[in-house]
Amino acid sequence: MSTSVEANGNGRTDGRVERRVENYTKFWKEDLDKEAGADNEKRLDSYTDVVNGYYDGATELYEYGWAQSFHFSRFYKGEAFLASLARHEHYLAAQMNLRPGMRVLDVGCGVGGPAREIAQFSDAQIVGLNNNDFQIQRARKYTKKAGLEDQVSFAKGDFMKLSEQFGENSFDAVYAIEATVHAPTWEGVYGEIMKVLKPGGVFGVYEWAMTDDWDPSIPEHKNLAHQIELGNGIPEMRPLRLAREALVKVGFEIEHEEDLADRPDPIPWYYPLEGDISKAQTCWDYLTVWRMSWSGKLVTHNAMRLMELVGLLPKGTWEVGETLKVAAAALVEGGQKKLFTPMYLVISRKPRN
């Protein structure tokens, strides 16, 4: 990891910006019960700073705890953690009917874990889009190591300006895995995806949303949404029905939709966050689950504080890490109470005419 700082003392050669990390938590009030509409509007107006500040601080933590695919997944009984992540990606690719030779855009690609997996599963050509320099550098490094440079590439860009960057009718398919929740509006990002798809092209998404049982007029429900926002770099959590409405509004034809978190799985999608090692599905998963236990979090966050003090991590990283604790508790509660889903699956198509 490079720790050199550019001349202004703000940017690092690895792509991270220290001031952005330090300012991340300032987008929320310390007491989330006092959040007001103006706070929400500020985050929406500054969505790139919110998202980049979060991922500059959280990316290495994600990789430490969640490997290179930053998303949730369903579990079969006895299924290994990494196998579940891959199956979730394969399921989306299969639902979209991705095939060899297709040019496919991954919107919000993280460090490229799903792009590499889906490329090998489908033999499609994948272009990963990300607005975070640190993640793009890591995505390219991992892709080179995997020998997939000819099949998977990455571009820096804003998913609210896709048509400016790629031009209209540029892709056979587009997918987004737990990424478009970071957009200031679903209509805006879905509209841009519509533009860059060729006529008849398919869009597949796993969307983060509050379920239709969530009621913002209930203080506990509203606070839960704010905790999820704070702990995950999200300007605004919105109800699932608005995602559906946005897709239709911008012109997509919905072919299939389902909240996969609502399936009666014996192993819940959020079990790795609970930190209960007795629930680990394989011996290899004990370490993954332990990292979210009280002792695992104690070790991780003390190590982060020390690394930040000696300059191995940007200032503010420890504080961002603390928000991940808030996120884990809120996501588990949201999953248990069926108020939140990280896997509202929608397969929709751009009309041919």
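1. Contact means that heavy atoms lie within 4.5 Å. Helices are DSSP runs of H or I with at least four residues, numbered from the N terminus. Residues are numbered from 1 along each chain as its sequence is written. This is a predicted model, in which local features need pLDDT of at least 70 and side-chain atom pairs count only at pLDDT 80 or more, while totals for chains, interfaces and linings use all residues; side-chain values use heavy atoms, without hydrogens and water.

2. The pLDDT, the predictor's confidence in each residue from 0 to 100, averages 92 over the protein chain. At least 70 is scored by 97% of the residues. Residues 1-9 have a pLDDT below 50, and this stretch has 20 contacts in the model beyond near neighbours in sequence.

3. Helix α13 covers residues 294-309 and has 16 residues. From first to last C-alpha, α13 reaches 23 Å, close to the 22 Å expected at 1.5 Å a residue; the expected span is 1.5 Å times one less than the number of residues.

4. The buried residues of α13 (under 20% relative accessible area, with exposed over 50%, for a 1.4 Å probe and protein chains only) are Gly-296, Thr-300, His-301 and Met-304. Seen down the axis of α13, these residues fall within an arc of 115 degrees, taken from the directions from the helix axis to the C-beta atoms, so they line one face of the helix.

5. The buried residues of α13 pack against α3 (47-66), α12 (286-290) and α14 (317-336). On the face turned away from the buried side, α13 carries the exposed residues Trp-294, Leu-306 and Leu-309.

6. Just after α13, Gly-311 takes a positive phi of about 90 degrees.

Note on methods: Helix = DSSP H or I, 4+ residues; strand = E, 2+ residues; numbered from the N terminus.
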